[in-house]
Amino acid sequence: MPPDMKKNKILIVDDNMNNVQVLAGILENNGFDLEFALNGPDALQWLEDEHFDLVLLDIMMPVMDGFEVCRIIRDKEKTHEIPIIFLTAKTDRESLMRGFKCGGNDYLSKPYDQGELLARVNTHLELKQSRDQLKP
Amino acid sequence: VLFESFTQEEGHDSKKQSGTGLGLAITKNLVSLLGGTITVTSKQGVGSTFTVSFPRVKVSDNQYVKDLQPELTWEDIRFGEATVLLVDDVEDNLKFLSRMLEYAGIKVITSASAEEALNILQHELPDLIITDIRMPGMDGFELFEIIRNSEATSNIPIVASSASVLHNLNTEEKLARFDGYLLKPIKTTELINSLIKYLPHSFNSGEIAELTSGIAETDIQGISIHPSALLILQQQAMPLYEQLKERQPIKKVEEFGKLLIDTGNKWNNKPLSIYGSEILQTRKSFNIEGMVRLINNFLSYLTR
C-alpha cells in the first residue's frame, strides 16, 4: 500500500481476547488500522468518538449481544451506514438470519480463515466506497 | 539389492505398504556421506535389524546450552478442555504426538487411517484434527475434502502434518487450504503455536510475574525513582494510565510504553524501561490480557 493512501480503520468487537488477538494480527499484517472493544457499550463509545470504516462484531457477548449493538449502530445517524460483519461460532442459520435482519452486512464463521476474512473485509469496504460515490 | 534405488519387495499388499523404494538408498547414501556404514540382518517371518555405525564421532560438550530465543514451552501454557483427533498410519507418530498432547492435558483420539477417522467423526466432534497426508487408502487431502464438505464437521480446524516438503504446485495449493501445516519431525514450538490458534488456553504469566517481582525487589532495596522521572510519570504517564485503564487505544498504548522506556532510559531506571518494553511487546502481538495486566501494574510505581 502506498504511504499516502489512507489506511482503512476497523473496530474489532469481541469479548474473547484470543479472538481479538488472532483477528488483529491478521488485519494489522494486511495494512489495516484497528482498535478493539471487549464489550458492546465500549464498542458504541468507540464509534461515538471516532470514525471507523468497518466493524467486526461478535454475537455472543455478555451485557449486550452483537444483535443489540448492531441495532444501535444502525439507529444512529453517524454510524448507520458503516459495514458490519458478524463473527459467529457456528453457521447457525437462525442467528445468521437474525444478524442480517438487524442490519448486518455479512458474517464470518470461526475459526477464521485468513483469506476469507480479508476477502470479505475488502469486499465490504469497496462496496461502501462505491455507495458513497453514488451519492448525489 | 536392498539398498538400490526404486527396488521394492514384490508381492506385498500395496495398500498396507507403499513407498517410492528410495528410503534405504537415501539412508545408505547419507550414512556413507557421514563416513559411516549400514548393515542388515534379516530373518523371514521374524524381522530385520538395520545397524548404522559412525566411527570416531566428536561429541559436543555444550549440548545443554539452551537456545537464547525464548520459545513457547508446555510450561508456558495451560490448555482448557479440548479434544484433538490424530490421523496417521504410522503408529510411532501417533504415540509420539499423543504423548505430547496428553502431557499438555489435551484429550486425544487416534486413528490409523482416514477411513477410521471418518468413522470416529460420526459420533465424536474434536476441536482440532491433525492429519498425516501420505497414507495408504484415502490420503490426507481426500480426508480434508470430506470433513470440510460435511455440515457437521466443516468448522473443525484441520492441520496437516507431513514429512515431505512438497514442491508440487498442486499439492501446495491443496495444503494452503488447511488451517495449518506441521513439518515432521514436529517441533514442540510449532505444535504449540498451532494448538494455541485453535484450542482454548491461557498463558501462565511466568514472564510477567517475574517482571513484577523484579520491580518489587528494587522497591525493597530502596532504589527510588529519580524525582525528575517521577515528575514525568505523574504529569504525562498518569493521565495516559487513567485512559488506558478504561480502554486501550492502540496508539495510546504505544505512547505509554514508549514514554516509560524513554523515561527509564533517561533516568537510569531499568525496571521502568523493561516494564515499558513489555507493554510494547503485548501491543505488538495483541496479547490483550497481558497488556491490560501490565497497565494495571502501573500504580505500584507511584504509590510508594
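## Strand β3 of chain A

In this predicted model, strand β3 of chain A (residues 54-58) is largely enclosed by the rest of the structure, because five of its five residues are buried. The burial covers both faces of β3(A). A:Leu54, A:Leu56 and A:Asp58 lie on one side, and A:Val55 and A:Leu57 lie on the other.

β3(A) pairs with two strands of chain A, β1 and β4. With strand β1 (residues 9-13), the pairing is parallel and runs over four bridges; here A:Leu56 is the bridge partner of A:Ile12. With strand β4 (residues 84-88), the pairing is also parallel and over four bridges, and A:Val55 has A:Ile84 as its bridge partner.

## Contact between chains A and B

Chain A contributes 22 residues to the contact and chain B contributes 18 residues. Together the two chains bury about 1700 Å², with 53% of that area on carbon and sulfur atoms.

Two salt bridges are counted between the chains. A salt bridge joins the side chains of A:Glu28 and B:Arg283, at 2.5 Å from N to O.

## The chain B side

Three helices of chain B each supply at least two residues of the side that touches chain A: α9 (250-266), α10 (270-284) and α11 (288-296). α11(B) gives the most, with three residues. By class, this side of chain B has seven nonpolar, six charged and five polar residues.

Note on methods
Residues are numbered from 1 along each chain as its sequence is written. Chains are lettered from A and ligands numbered from 1 in the order in which they are written. This is a predicted model: local features need pLDDT of at least 70, side-chain atom pairs count only at pLDDT 80 or more; totals for chains, interfaces and linings use all residues. Side-chain values use heavy atoms; hydrogens and water are left out. Contact means heavy atoms within 4.5 Å. Buried area is the accessible area (1.4 Å probe) that two parts lose on being put together, summed over both. A salt bridge is a side-chain nitrogen of Lys or Arg within 4 Å of a carboxyl oxygen of Asp or Glu. Ala, Val, Leu, Ile, Met, Phe, Trp, Tyr, Cys and Pro count as nonpolar, Asp, Glu, Lys and Arg as charged, and the others, Gly among them, as polar. Buried means under 20% relative accessible area, exposed over 50%, partly exposed in between (1.4 Å probe, protein chains only). Two strands pair if DSSP finds at least two bridges between them.
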